[in-house]
Amino acid sequence: MRGFLNKQAPYIFIAPTLILLTLFSIVPILVALVISFTDMDLSGLANFDSISFIGFTNYTEVLADPVFLKAIFNTLFYVIIGVPLVILLSLSIALLINLGTSRIFKAFRVVYYLPSVTNIVAVAVVWSYLYNPSLGLFNYLLNLVGLPDVPWLTEPTIAKLSLILLALWKSIGLNMIIFIAALQGIPKSYYEAAQLDGANLWQQVTKVTIPMLRFAIFFVSITTMIGWLQFFEEPFVMTEGGPLDGTLSVALFIYQNGFKFNNFGYAAAGSFVLFVCIIAITLVQLRMQKNESDMT
Amino acid sequence: MSSTIATKKGKVKERQGSLFQWISGIVLGIGGIFFLLPFFWMIMSSFKPENEIVQIPPTFWPDTFTLHNFKYLFQNMNFDVYLKNTLIIVLFSFVGLFLNAVAGFGFAKYEFKGRNALFVLVLATMMIPSQVTMIPVYLILNSLGLTNTMTGIVLPGLVGAFAIFLFRQFMSTIPTELLEATRLDGASEYRIFLQIVLPISKPIIAVQAILTFIAGWNSFLWPLIIANDESLYTLSVGLSLLKGQYAANFGLQMAGAAFMVAPVIVLFTYFQKHIIENFSISGMK
């Protein structure tokens, strides 16, 4: 028995995680695919016989649903404005911190990373208070310098921008750390060579640092893009998708249809549309990265 | 002659350098104030009595310090129950951490049939968005009778591909000869793992333990979906409930948020060096 257990050790080592991952990641994909072709709802949950296959109806309906289209528009809005800002800001902060010689710059790493580890619900609760039209700190500060109130969460477009601001605050830290790690991997001799050739700081950054960071930038843009396509907690806790579905994201649409309205089949179809979009965008980015590295 | 010009040039450069240091320090400082402002405001407001919260202009420092908000959370808002549930989830997520470590070791140090294919399968699960699995996992747990149970809340997020990947990366650097020597001494594979591999892997386990704690402490989505009873709510779910029920009582809300955020801030600030260095070692290679 002992010999057998010892021989099978590697399988026994990986078995528990593989079973859990299969049950909660692989199988669900198949289940989602199947139920996206059915009319499963709350009654189907109690009695499987009441579920019937309805072909592509969920997909055609969801793609014609004005709320879903609005959610797609909002999600693209988040991605197109948010992702470049995350990359630009986290890269700039990482560069400044990395060029800093004083010890205070080490403290900045912690300051900027702190929002990334804090609880999203707590953060959303705090920001809702900051954004509050009458009691919020932001409007008070604006009034102090003579500016009028901003309808932070009550005007659809500004509400989207407010959520982006919160998400930026929360996501810059992690990407900044990734950039700092990559910056520290660049050999000092490259900079010394550039200095010998008379390159100033700006030239060193643009001609040595940025090209050397190409992989890190690529990694951050792909992960950030995938993350922002799944934008969920911020609108869920702060606005519940409002005002007028102005902040509704695709992920929130899926959640609401699944767990608020119990239209499991419909929500699953929506989730597959999102999944396909994520895969397509990732593939396009991979292709772009490949072309770029072919050129150099 | 030429040497004095050179030193002059050097001094100009030095002065430019220190000017740059000052400017970037000031820019980062201003940004840092903006980054810390929400935390500062949260903590200050959590100690203010209700009448001071609605006061305009607001006070930056509380005029009257009160612990009433925190007391109210625990006496009337079931935050003691939420805290207990959250700690149970954290405890279970450490079991998950152990399973991840074991699997990482299995993938790192053994040759077996189907190893590479299985590892690719593990990595592939990282790409699946949670929105796709959300509904089917709920249905699966429902058919297993696990909705509205602690098991159902804990199981879906117990193991994670990224942690397995990091453990595998770290453990593949352990010399095979060391394991072989222990094996010759008659130790079983399980003993090798517990007595040799685990002690060597201390640095990665420490970092993963902190991240696991933070993730468990912050867990929101599964408790939200799976728990129907308030007796199973976690702090995050309880806090979002509080936001709905006590929408106008910001003092109470800030106290709830501060209670959730403070332990993580303390823990992270204390261990930040290790966490940040872990990214440099394992993150970008």
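Is A:D245 buried, exposed or partly exposed? At 32% relative accessibility, A:D245 counts as partly exposed, because that class lies between the buried limit of 20% and the exposed limit of 50%. The legends below describe close-up views of a predicted model, and Figure 1 returns to this residue.

**Figure 1. The loop between α13 and α14 of chain A holds A:D245.** A:L244 is found in this loop as well, between α13 (233–238) and α14 (250–260). Phi of A:L244 is near 55°, a positive value in a residue that is not glycine. A:D245 also has a positive phi, of about 60°, and is not a glycine either. Most residues other than glycine have a negative phi. A:L244 has a relative accessible area of 70%, so it falls in the exposed class, which begins over 50%. A:D245, at 32%, is partly exposed.

**Figure 2. Helix α14 of chain A is mostly covered.** Of the 11 residues in α14(A), 10 are buried. The buried residues of α14(A) include A:V250, A:A251, A:L252, A:F253 and A:I254. A:Y255, A:Q256, A:N257, A:G258 and A:F259 are buried in α14(A) too. Just after α14(A), A:N262 takes a positive phi of about 55°. For chain A as a whole, buried residues make up 53% of the 296 residues.

**Figure 3. A:V208 sits in helix α11 of chain A.** Helix α11 runs over residues 201–212. The relative accessibility of A:V208 is 12%, so this residue counts as buried, the limit being under 20%. A:V208 and A:Y190 are separated by 18 residues in sequence. In space, their C-alpha atoms are 7.2 Å apart.

**Figure 4. The largest cavity is lined by residues of chain A and chain B.** The structure holds 1 cavity of 30 Å³ or more, and about 30 Å³ of space lies in the largest cavity. From chain A, the lining takes A:A122, A:V123, A:V126, A:W127 and A:W169. From chain B, the lining takes B:P38, B:F39, B:M42 and B:V261. Two helices each supply at least two lining residues: α7 (120–131) of chain A and α1 (2–46) of chain B. The largest share, 4 residues, comes from α7(A). By class, the lining has 9 nonpolar residues, no polar residues and no charged residues.

Figure 5. Over residues 12–35, chain A is 100% helix and 0% strand, with the end C-alpha atoms 33 Å apart. Residues 264–286 of chain A are likewise 100% helix and 0% strand, and their end C-alpha atoms are 33 Å apart. The UniProt annotation "domain: ABC transmembrane type-1", also from an unreviewed entry, covers residues 72–285 of chain A. That span is 78% helix and 0% strand, and its end C-alpha atoms are 20 Å apart.

Figure 6. Residues 20–43 of chain B are 100% helix and 0% strand, and the end C-alpha atoms lie 34 Å apart. Residues 119–141 of chain B are 78% helix and 0% strand, and here the end C-alpha atoms lie 25 Å apart. In chain B, the UniProt annotation "domain: ABC transmembrane type-1" (unreviewed entry) covers residues 82–271. Over residues 82–271 of chain B, the end C-alpha atoms lie 26 Å apart, and the span is 76% helix and 0% strand.

**Figure 7. Chain A has 15 helices and 0 strands.** The C-alpha trace of chain A spans about 75 × 75 × 45 Å along its principal axes. The radius of gyration of chain A is 24 Å, whereas a compact globule of 296 residues would have a value near 19 Å. Chain A averages a pLDDT of 87, and 98% of the residues score at least 70. Within chain A, confidence is lowest in helix α1 (residues 2–7), at a mean of 74. Confidence in chain A is highest in helix α5 (residues 66–99), at 93.

Note on methods:
Residues are numbered from 1 along each chain as its sequence is written. Chains are lettered from A and ligands numbered from 1 in the order in which they are written. This is a predicted model: local features need pLDDT of at least 70, side-chain atom pairs count only at pLDDT 80 or more; totals for chains, interfaces and linings use all residues. Side-chain values use heavy atoms; hydrogens and water are left out. On a 1 Å grid over the protein atoms alone, a cavity is a set of points where a 1.4 Å probe fits but cannot get out, and a pocket is an open set with protein on both sides within 12 Å along at least five of seven lines; lining residues have an atom within 4 Å of a point. Grid points are joined across faces, edges and corners, and a volume is the space filled by probe spheres set on the points. Ala, Val, Leu, Ile, Met, Phe, Trp, Tyr, Cys and Pro count as nonpolar, Asp, Glu, Lys and Arg as charged, and the others, Gly among them, as polar. pLDDT is the predictor's confidence in each residue, from 0 to 100. UniProt positions are given in the numbering used here, feature names are shortened, and annotations may be inferred rather than shown by experiment. The radius of gyration is taken over C-alpha atoms; the globule rule is 2.2 Å times the number of residues to the power 0.38. Buried means under 20% relative accessible area, exposed over 50%, partly exposed in between (1.4 Å probe, protein chains only).
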